[in-house]
Amino acid sequence: MLIVFRADSATHIGTGHIMRCMTLATALREQGATCIFICRNHPNNIIALVQKKGFRVYELPRGAEPTTAADLGVPQQVDAAQTKQIIESLEATPDWLVVDHYGIDKAWEQQLRPVVKQIFVIDDLANRFHDCDVLLDQNYTHRWDRYVGLVPPHCCQLLGPEYALLRSEFIAAREKLERQGRPPFDPRKVLVFFGGIDPQNYTTRALQILREIGDFAPEVVIGGANPHRAEVESQMQYFPEGQLHIQTDQMPDIMLRCSWYLGSGGSITWERMCLGLTGIVVVTSDNQIEFCEALHADGFDVVIFDISRLEELVKKNLNSSNLDTKLGLKNILITDGKGIKKVVLKMTRLIEQKQLWLRPASQNDLINLFYWANDINVRQNSWNQGFITLNQHNKWFNNKLNSDKVKIYILMYKDIPIGQIRYDFFNEKWLIDYSITSALRGFGIGSKLLELGEKYLLKERGSPLRISAEVKEKNTVSVACFQKSGYAIKQNVIEQSSYFSFEKIITNTEK
């Protein structure tokens, strides 16, 4: 499998696009894929780092120095033509073209469409049209339908921190955290990070403010291309127990040593939340505004837009232990670090049905069920099509989880949660609701989920069991799934809305 990545890095672009593409490329390479990068040779780029990680890089000629994160340095049609020329020179047609750039949209993608098999877009702005087969936006949101009309109808949308692209080191660190727990909260131990380049030098300002407040032992991280390195190093002399890390590969270990976070939004949000590290977030760019505000509103972080308020908020939140007890325990639920495994499964289709299994749901499944419930296709096929708030979901989930008339099971692929099946006992029958994470739809695992659910319910409740389901007629995939699994159609019209009512009686002798 050949996969081409098109992404850039520069002072005003930052390093995040390249870093998350390298994370995905590394995971794909572990599955046998060949991954190459096409990057423009902007000033202050990190192409050398990509090459150091063992990836081949084709460099596009330097254009004008980017002045915004959406600046390609050349006209979009020129960039598309140059990229197309490189792809046409490759020995094989790429299975995927992965695009991660704010300056690229539908016009560019259509120009590349004839020379690749499929296009995968990574975005988080939802401000332009795309011609792609898969779109990934790992940011937290209150607008689950924000890409409707911006991508083709067939496009698979992978939305939310469920699909956060985290390196394998973070998954290992998460497992360590679950085994050992986090050390007691120490307000002195703070992770300071404002992006790899930090052109506005927020790092220095944050350290100055920490000096004014009191005694801290910060772990400070900057990139190798940070233009303010000397100023940061000068500030660090005032923190004898602090440490400065430059272009480090040890971020998971650093996070586990820290008790709270002070820095910007961006991809690090999902890395630190995977490890339960909450904090005070300073919004440093426009693309961070929406998801940072959503996280703040739902109680995951404290978010500010003006760094001059930092001293006030640090004192307030540390004195009340807010970062320790109120937010920290909640954050660890937002992503389990396994989203990248789902993305790789989507791209490689390397899934074995014999590795599917069920387990009972627990309180730790609250956020994943929240993501699955708000999936755009799930809402369109639901009787109530409105999107669900986290508070609404939290109340609903706790009621269901504590009811003796409800059974919820989580579908697992190896160690990855990929779906759910719920049985509600009503009118002497069990009514089914099920869903599969969007990345793994179309793999033919719906029937397997129904089979596993029946077995688990029989084991817990005994037989015979009367199971029913109500499915909208236009939901042809679910209709076919129930028919394949031996469910009989009982009726198909109610209140002028077409739907199918399925029913099946199961006993231990059938399974």
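Modeller: We begin with axes, which are lines fitted to C-alpha atoms, for helices over the stretch in contact, while angles run from 0 to 180 degrees between N-to-C directions. Helices (H or I, at least four residues) and strands (E, at least two) are DSSP runs, numbered from the N terminus. This is a predicted model, in which local features need pLDDT of at least 70, side-chain atom pairs count only at pLDDT 80 or more, and totals for chains, interfaces and linings use all residues. Residues are numbered from 1 along each chain as its sequence is written, and side-chain values use heavy atoms, with hydrogens and water left out.

Colleague: At what angle do helix α1 and helix α14 pack?

Modeller: Helix α1 (residues 16-29) and helix α14 (residues 339-348) pack at about 60°, and their axes are 10 Å apart. Angles under 35 degrees count as roughly parallel, over 145 as roughly antiparallel, 65 to 115 as roughly perpendicular and the rest as oblique, and α1 and α14 are therefore oblique to each other.

Colleague: Which residues of α1 and α14 meet?

Modeller: Contact means heavy atoms within 4.5 Å, and here T23, L24, A27 and L28 of α1 meet I340, V343, V344, M347 and T348 of α14. By class, the contact of α1 with α14 has seven nonpolar, two polar and no charged residues, where Ala, Val, Leu, Ile, Met, Phe, Trp, Tyr, Cys and Pro count as nonpolar, Asp, Glu, Lys and Arg as charged, and the others, Gly among them, as polar.

Colleague: How should I read a sheet, and what is the strand order in the open sheet of six strands?

Modeller: In general, strands of a sheet pair through backbone hydrogen bonds, either parallel or antiparallel; two strands count as paired if DSSP finds at least two bridges between them. The open sheet of six strands has parallel pairing and runs in the order β10-β9-β8-β11-β12-β13. At its edges stand β10 (243-246) and β13 (302-304), each with a single partner strand, so one side of each is left without a neighbour in the sheet. From one strand to the next, the twist averages 20°. Within this order, β11 (residues 260-263) and β12 (residues 279-282) pair in the parallel sense over three bridges, and G263 has V281 of β12 as its bridge partner.

Colleague: Is strand β2 largely buried or exposed?

Modeller: Buried means under 20% relative accessible area, exposed over 50%, and partly exposed in between (1.4 Å probe, protein chains only). Six of the seven residues of β2 (residues 34-40) are buried, so β2 is largely enclosed by the rest of the structure. Strand β1 (residues 2-7) pairs with β2 in the parallel sense over five bridges, and R6 has I38 of β2 as its bridge partner. In helix α15 (residues 366-373), eight of the eight residues are buried, so α15 too is largely enclosed; among them are F370, Y371 and W372. The cover over these buried residues includes α14, α17 (390-401) and β16 (416-426).

Colleague: What is the phi of A126, and where is A126 found?

Modeller: Most residues other than glycine have a negative phi, and most peptide bonds are trans. A126 has a positive phi of about 50° although it is not a glycine, and A126 is found in the loop between β5 (118-122) and β6 (134-137). N427 also has a positive phi, near 55°, in the loop between β16 and β17. A126 is buried, with a relative accessible area of 15%, whereas N427 is exposed, at 54%.
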